Protein chains: 4
Amino acid sequence: MNSIGKLFCLTTFGESHGAAIGGVIDGMPAGVEVDMELLQQEMRRRRPGQSSLTTPRREDDAVEVLSGVFEGVTTGTPIGFIIRNNNQHSNDYDELRHIFRPSHADYTYAEKYGIRDHRGGGRSSARETACRVVAGAFAKMALKHHGIRIDAWTAQVGNIALEREVTEEMLANTESNAVRCPDAETADRMAALILDVKGEGDTVGGIVECRITGCPPGLGEPVFGKLHARLAEAMMSINAAKGFEYGDGFDMARRKGSEVNDVFVPNNGNDSNDNRIVRTLTNHSGGIQGGISNGEAIRFRVAFKPVATLLQPQPTTDSEGRSIMSKARGRHDPCVVPRAVPIVEAMAAIVMLDALLISRATRI
Amino acid sequence: MNSIGKLFCLTTFGESHGAAIGGVIDGMPAGVEVDMELLQQEMRRRRPGQSSLTTPRREDDAVEVLSGVFEGVTTGTPIGFIIRNNNQHSNDYDELRHIFRPSHADYTYAEKYGIRDHRGGGRSSARETACRVVAGAFAKMALKHHGIRIDAWTAQVGNIALEREVTEEMLANTESNAVRCPDAETADRMAALILDVKGEGDTVGGIVECRITGCPPGLGEPVFGKLHARLAEAMMSINAAKGFEYGDGFDMARRKGSEVNDVFVPNNGNDSNDNRIVRTLTNHSGGIQGGISNGEAIRFRVAFKPVATLLQPQPTTDSEGRSIMSKARGRHDPCVVPRAVPIVEAMAAIVMLDALLISRATRI
Amino acid sequence: MNSIGKLFCLTTFGESHGAAIGGVIDGMPAGVEVDMELLQQEMRRRRPGQSSLTTPRREDDAVEVLSGVFEGVTTGTPIGFIIRNNNQHSNDYDELRHIFRPSHADYTYAEKYGIRDHRGGGRSSARETACRVVAGAFAKMALKHHGIRIDAWTAQVGNIALEREVTEEMLANTESNAVRCPDAETADRMAALILDVKGEGDTVGGIVECRITGCPPGLGEPVFGKLHARLAEAMMSINAAKGFEYGDGFDMARRKGSEVNDVFVPNNGNDSNDNRIVRTLTNHSGGIQGGISNGEAIRFRVAFKPVATLLQPQPTTDSEGRSIMSKARGRHDPCVVPRAVPIVEAMAAIVMLDALLISRATRI
Amino acid sequence: MNSIGKLFCLTTFGESHGAAIGGVIDGMPAGVEVDMELLQQEMRRRRPGQSSLTTPRREDDAVEVLSGVFEGVTTGTPIGFIIRNNNQHSNDYDELRHIFRPSHADYTYAEKYGIRDHRGGGRSSARETACRVVAGAFAKMALKHHGIRIDAWTAQVGNIALEREVTEEMLANTESNAVRCPDAETADRMAALILDVKGEGDTVGGIVECRITGCPPGLGEPVFGKLHARLAEAMMSINAAKGFEYGDGFDMARRKGSEVNDVFVPNNGNDSNDNRIVRTLTNHSGGIQGGISNGEAIRFRVAFKPVATLLQPQPTTDSEGRSIMSKARGRHDPCVVPRAVPIVEAMAAIVMLDALLISRATRI
């Protein structure tokens, strides 16, 4: 329910306006030097209040690591951590105690549990994703030992899509703009759209794309633990995610086999880190075939809906079923996508490290 | 790895050209009268050789239920079953022992396991999905007790998409044509496309859409067991699946919050089976909010790539990394989508029954 | 690894001399009023420094509940909690950095992980059990709603065994003496033995017995989730546990079937809470038959070895394999059994609540 | 419920008088040559009808392996298998449809599921353990690659206990007598007791002891996946098991720390397969410290109750709660212990292989 992963397993807890959120990372391999700077950097990438494109809500997101690290190195025992909730304006939410906000989890939590912490969305708040970023940072530290690298970026905001192929060089630009789009010109247009929408008290959706390089062949466990099935599950567990595709994804539905089959060719051996005997000429498959990584770059995309909280009046009902008008107070993102980029990376890192560890059991 | 589900759990085994495929259904609730006719009907829907649109390969797919049923009623103990592999032409595959077919799992299985059963794709064959249909049929029997119904259909083949909204009445038509599209005219065009593509020795992709009705509010387990995350995982575990979306899905990336928020309204009480105090005016959310069902129809779509096996020559390599030309023999589908319809339903039924059983633990 | 339970699931973290220990309780049913007094009482029962029979080490064991409770009631979301490590004398352990203490986990942790936090046993410290007591207290709150009660007591210390049958009335005495033996006279003799042993700088083992009453028939999941298998797993996960038996246990190995079979008799209906149609005349089975509770009292026993830390010199080796003499400093228990009583209860409560929740999925 | 193991996972199905029993072994490492002779030998050891000490019931127990093996080598895909039920006398059980036999699972299954297959105990029959022996044989094949060996024997029948230390040489005798006691003289006395008891229409309990040698240090996953906790869970899941202890077990409850601590000494290096820097002088711990193997022999004992089915009249009730007399027909074991020996080994092998595979994830 609140855990993900089989050998590398994250469990999270916490409501947005409770004392703290936090989690336990179980199965972190022993012997990894902890890169606290990396952890802080990942937290800053997710944090609200980064720019005018994101909520002005400030969250310090100071991570307190409580266990599992000894003299700067992971010990193989579980890593417990908490993040205090300091800058919460719970009063902003008082009137929400009896309101079901449109397209929020208010109603479904009330139906399921019979009780809910209404303040700031409670458990359903995207604040929970901070815990995922913590675990993702640790996973990245371990993956780095194996040469596996994960990069995500904003590929679409509203109807503005990044049309260019993203090259290795372009990736360096992702963090240079507030939208996290690796193409500066597209980033500008995306930012303008977000500010427009924000001005209307409205919100807008978008797409995050992710690429995993350096992944050896052999990760993923058919038939139900296919690597892309695990990625799909992980991505769809992120707040506001509505769709997942890998490789050519939905576009493949329109294509013929002769157009999208990835032909194998002998590996020329130019890359000394790549000792595969073959590689594929194209990568429509997205680096995964039959649920198992083939050594090509893994690529996938995650669609996010527009944030449900609008700064304009909306009709809805209260918990007695009476029609009312609702208008949000509080501080909210006009577009979740720029802050979703590090979350997508974090979930990808969690899935990949788990797959890597599981794959060690494959052969005698 | 080869299991899915927490309380209602399917484990499958078997290679396409081994002695048999089969599985174990663990957690089937006791006291369900077994509807063998439903089981056989579901198997027929998935079976090859149904029409000129599918592979002429014949598979009897006779399911032998070995346990868990006593005097026609489920006993709550595991249901073991096998399906013998009778009509296999293993010789068709002899030359594949040392070939990596493009966009198949040949290469990745070889890399992962160091050994593979090359006959007919071995474990990676779509024949494995017959076991999912068995488990799905049992799940449907249980879901029927709770008024939950699952209907899937072909929504797109190549560039031919079903444009009409699918009504309750139209669903009756799904099984009346070989494509499994509930609109007869669209079905005809889809069938013509598949036959064209088949004539070229090529294949084509498509999309299956699924709708779940009668689902009570409260199913799904945040934050990692969100109902749509479980559905995504299950659907992406189906052979050839490349994408998943629920509700308005990827389209939501282009939209504003004010366009796609689902406003709550008082429930008029016209449906005596629906005692919710509110309902939503629209259903962009696809019946799931915050990972929990809200009582509206659950809808999602799964994209399938074109079948990788072409009846035309393709360049590829052998297991020594030497370039060769490959041309399939054997009997293959030009389009997987019509036969994927019952598989999508089966996986949805497995997920929904599991979610239903888990939800019973929610409250004291 | 660091989680136990399927639907009611505890995950713990923390080293004895790190910043804090803690855990996450996932699957706590919603709607339970939180009894903080019960929680504190259970913590006091486990805490060191209770009497001259236990270590003088003081641990405040103040539990900080961080989530999952709203306005005094459980919400169904995970309960995160931490217990700060305040009163640690880490310097007592400096010389242990390179020593493998006899019958401790020093050597095995070093071999397994290649790194270990040597201070106070690190992760292997019995301090971790404080987290189990927290989860056990929450489980007890839920079990109380269903009339299930758990009582454990000290049944043996060294060669002094409680010979009398423990009646309902005697249970009230358990907490009235430092040994937690429900018979005052036996308790006195046990206490004297512990003090003797302590005077020698030595330690002594013992047995905890546990009885669960009010359990309905039907809990437990054959064939691998048998109720006693789950209890065995849980009990054997407690530090220093060496054996588990239920019902007549090891004594049954010496007996004939005609001596220990439990004959069924009609239920006389004297107990209005017990609507079973039959009951058993005797209870050699210990309340579980075929892995499923039968409605009789569940009883089991757990053997604990003497604490490995002695306040007398012992030969051992350092991490280079050199022979040395070791003598403990620090503050240690001469007998773990009195403090193990609440831990056994806590683990039993965790198992029973999990079994109760799982059993709800049994029938359609 | 019907699965055990995390990476090496066995799922079983089947009732004793249904069409077949069987199972799925998931996670068998690829590349193991399958030793069918070993498999058959293990099945013969468990099979009824071996000698006058066991039930005259004949079960052919012919194992049909359906998948996961290709050209004599494991492929890493799941191994499905079935064992047909051929020699069942279901009519022997007709009158049991409405009877709750004393100390059987009849009543608890009826209470839990509301329906049960009464023939031969149905799912609760010990026939299910044949599937465990199949999985255990495969696990042994894998463990052999790593030099891990598992030997169990009958250590006690009724009040006749094997008093001698069991040496390596004695183990060769285990299979030379029907009781499976490695000491011939004790075996004779045990056999005589079993025949006596059988003559009375009665049954008798006993103890199986098991020793695992060649296990490297580092297996086992604290704090809930301790190696002995996993062993306890697995052993207690065997039919008729009532107790588990490892190392000095329950005897340790009576001892002082100074008597049972295992002192570390430098490893003399006489065994070239043992590159540990230290070893222990004694092995009261039973090869496991802090839940992790230390490289010494792992030893544990399992207590079994006398078989509940007596060939003499016993009072009991029917399913309406009416008192009746019951007398078994059918063919039953007077003592389960000799046939439990290979089952204990099988469960130990399953646990050890799983632990071995999991331990590969420990370090970066």
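Let me start with one pair of residues: C:Gly243 stands opposite D:Glu245 in β12(D). This is a predicted model, and that pair is a way into how its chains meet.

The strands behind the pair are β12 of chain C and β12 of chain D, residues 241–246 in each, and they run antiparallel, joined by 3 bridges. If you look for A:Glu245, its bridge partner in β12(B) is B:Gly243.

Before going further, a word on confidence. The predictor gives the complex an ipTM of 0.97 and a pTM of 0.97. For chain A, the average pLDDT is 94, and 97% of the residues score at least 70. Where pLDDT is low, the predicted coordinates should not be read in detail.

Now the contact between chain C and chain D as a whole. How many residues does each chain bring to it? Chain D brings 110 residues and chain C brings 110 residues. Between them they bury about 8,200 Å², and carbon and sulfur atoms account for 61% of that. On the polar side, 51 residue pairs are in polar contact between chain D and chain C, counting pairs with both residues at pLDDT 80 or more. Which element gives the largest share of the side of chain D that touches chain C? That is helix α2 of chain D, residues 106–113, with 7 residues. Sorted by class, this side of chain D has 46 nonpolar, 39 polar and 25 charged residues.

Charged pairs come next. Side chains of opposite charge can pair when their charged atoms come close. Across the interface of chain D and chain C there are 6 salt bridges. One to find on the screen is D:Glu233 with C:Arg230, at 2.7 Å from N to O.

Over to chains A and B. Here 110 residues of chain A are in contact with 111 residues of chain B. The buried area is about 8,200 Å², with 61% from carbon and sulfur atoms. Three residues supply more of chain A's buried area against chain B than any other three: A:Met1, A:Lys112 and A:Phe224, which give 11% of it. The interface of chain A and chain B holds 6 salt bridges. Among them is the one between B:Glu233 and A:Arg230, at 2.6 Å from N to O. The polar contacts between chain A and chain B come to 51 residue pairs, both residues at pLDDT 80 or more. Helix α2 (residues 106–113) of chain A gives the largest share of the side that touches chain B, 7 residues. The classes on that side of chain A are 45 nonpolar, 40 polar and 25 charged residues.

Salt bridges also occur inside a chain. The count over all chains is 132. An example is C:Arg189 with C:Glu185, whose side chains meet at 3.1 Å, N to O. Both residues lie in helix α5 of chain C, residues 184–199, and they are 4 residues apart, about one turn of the helix.

Next, a sheet in chain D. It is an open sheet of 5 strands in the order β1-β2-β3-β7-β4, with antiparallel pairing. Which strands are at its edges? They are β1 (3–4) and β4 (63–65) of chain D, each pairing on one side only. At the β4 end, β4(D) pairs with strand β7 (residues 79–84) of chain D over 3 bridges, in the antiparallel sense. Within this part of the sheet, D:Val65 stands opposite D:Phe81 in β7(D).

Last, some backbone geometry. Most residues other than glycine have a negative phi, and most peptide bonds are trans. In chain C, the peptide bond from C:Pro222 to C:Val223 is cis, with omega near 5 degrees. C:Val223 is in the loop between β11 (206–213) and α6 (227–236) of chain C. Chain B also has a cis peptide bond, from B:Pro222 to B:Val223, with omega near 5 degrees. B:Val223 is in the loop between β11 (206–213) and α6 (227–236) of chain B.

The phi case is C:Ser103: not a glycine, yet its phi is positive, about 60 degrees. C:Ser103 is in the loop between β8 (99–100) and α2 (106–113) of chain C.

Terms used: Residues numbered from 1 in each chain as written. Chains lettered and ligands numbered in written order. Heavy atoms only, no water. Contact = heavy atoms within 4.5 Å. Buried area = accessible area lost by both parts, 1.4 Å probe. Salt bridge = Lys/Arg side-chain N within 4 Å of Asp/Glu carboxyl O. Polar contact = N/O pair within 3.5 Å; in protein donor to acceptor, adjacent residues only side chain to side chain. Helix = DSSP H or I, 4+ residues; strand = E, 2+ residues; numbered from the N terminus. Nonpolar A, V, L, I, M, F, W, Y, C, P; charged D, E, K, R; others polar. Pairing = 2+ DSSP bridges. pLDDT = per-residue confidence, 0-100.
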